[in-house]
Amino acid sequence: MTGLRAELARVGIRGRLARRIVLELEDHLRCDPAADLGAPREIAQRFAEELSVPRTRRSTYGGFAALAFAAVSIAISSSGGGLDVFGARGWVVSLGGLGVVFGGQVSFVAGVLALWGALRRPRTPAELRLVQRRTGVALAAGGFALAAHGVQTVAVQPLMSNLWLALAIPASVVPALALGSAAHGLHSAIALTPRTEPVARPFPYRAVIAIGTAAVTVMVVGSAFAEHSWVEGLSRGVLESIGFALCFAIFGRRLGIRR
Amino acid sequence: MRAETLKGHLDVLILATLRDGPAHGYAVIEELKQRSGGAFELAEGTVYPVLHRLEADGLLASAWSTAAGRRRRVYRLTRRGRAALAQRRGDWQSFVRAVEAVLA
């Protein structure tokens, strides 16, 4: 048992869980002093492999919940007039608005892919790595959107009513804490998973085109109705299609949906 | 029996071992050995990580208990664990029936 604690720490198992494992195995050896439990490194590796499965799933579900919370928070505080993409209130506000839209969409797509992967019950380290990578991208993009929302809030502060300002500050801080906690969970799942290349599951191009078309259609129709202008809807649709193509090119390989 | 052969079935075997009541890790291993007539003599080090995973999945619950001055982690089936056991047992029986029908 001497080296077991160190080996458990090496694979990312520490604290109460490590103490519990050592106590359980010590009890086993008291029951059967001749038992062959294996070398400490081997035992620690087995625990890491088994625990990486539920930890990855849990961190993905936790991450998705934190992102959903962040999205709702941003949506509520933006309904007071915070979000502005087209520069009516200055370029800082506009950049912040673009950051919220861009980060939010990347986060949504990566989060849905991660959730889909986790629901399919991944078992091998390569499958787990892919889910972890998608969750990581979703959390990073969600954090980016949240930071952009914070920038916007600071920039539009003089124009906001006190009530909306009081709402906007916790709407940035509380979800940031939730995302931080989800990132911590993901980090511990990654530490347990053996290092290997994630398995890629490329999407057929037809599916990518169909999803892109659906996203652009929603943007065109939604904007046209919201702004009472088809010109506005079409211009946002063009931006959406450019953004979609760029994101697929930049993040597709990292998310395991293109070769 | 080779450990590799058992690997895919270890979850259901452990769940079945705990069906009759709570037990600690050593007792689970002994029960497996006994019920299988010695065929399932597993390397001890493989069972504990699986017990931990099944607990993390919510199929088992565990708590410390003290017996004769010794602290032991005792595992029991949860309601989800019972449901999972029933389902996997059904799957296994269908599989066995199908294989037997092919081999007959």
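Is A:Glu7 buried or exposed? With a relative accessibility of 15%, A:Glu7 falls under the 20% limit and therefore counts as buried. The model discussed here is a predicted one.

## A:Glu7 and its partner

A:Glu7 takes part in a salt bridge with A:Arg41, in which the closest N and O atoms are 3.3 Å apart. The two residues come from distant parts of the chain: A:Glu7 belongs to helix α1 of chain A and A:Arg41 to helix α3 of chain A, 34 residues apart. While A:Glu7 is buried, A:Arg41 is partly exposed, at a relative accessible area of 47%.

## Salt bridges within one helix

Over all chains, the structure holds 18 salt bridges. One of them joins A:Glu24 to A:Arg20, with the closest N and O atoms 3.3 Å apart. These residues sit 4 residues apart in helix α2 of chain A, so about one helical turn separates them. Both A:Glu24 and A:Arg20 are buried.

In chain B, B:Lys33 is paired with B:Glu30, and the closest N and O atoms of this salt bridge are 3.2 Å apart. The spacing is 3 residues in helix α3 of chain B, which means that about one helical turn lies between them. B:Lys33 is partly exposed at 23% relative accessibility, and B:Glu30 is partly exposed at 28%. Elsewhere, salt bridges with shared partners connect A:Glu50, A:Arg123, B:Asp11, B:Arg53 and B:Arg88 into one network.

## Helix α4 of chain B

The buried residues include B:Glu44, B:Gly45, B:Val47, B:Tyr48 and B:Pro49. Further along the helix, B:Val50, B:Leu51, B:His52, B:Arg53 and B:Leu54 are buried as well. B:Arg53 is also a member of the salt-bridge network named above.

Just after α4(B), B:Gly58 adopts a positive phi of about 85°.

## A:Asp27

Setting aside neighbours within four places in sequence, A:Asp27 contacts residues of chain B, namely B:His24, B:Arg70, B:Arg71 and B:Arg72.

In soluble globular proteins, nonpolar side chains tend to be buried together. Here the largest nonpolar core has 39 residues, and A:Ile13, B:Ile14 and B:Leu18 have the most contacts inside it. Chain A elements giving two or more residues to this core are α1 (4-10), α2 and α3. In chain B, those elements are α2, α3, α4, β3 and α5 (79-103). Another core lies apart from it and has 22 residues, including A:Val106, A:Ala138, A:Cys247 and A:Leu255.

Which residues does B:Leu18 contact, leaving aside its neighbours within four places in sequence? They are B:Ala23, B:Val28, B:Leu51, B:Leu60, B:Tyr75 and B:Leu77. Of these, B:Leu51 is one of the buried residues of α4(B).

Technical notes:
Residues numbered from 1 in each chain as written. Chains lettered and ligands numbered in written order. Predicted model: local features only at pLDDT ≥ 70, side-chain atom pairs only at ≥ 80, totals over all residues. Heavy atoms only, no water. Buried < 20%, exposed > 50% of the residue type's maximum accessible area, 1.4 Å probe, protein only. Contact = heavy atoms within 4.5 Å. Core = buried A, V, L, I, M, F, W, Y, C linked by side-chain atoms within 4.5 Å. Salt bridge = Lys/Arg side-chain N within 4 Å of Asp/Glu carboxyl O.
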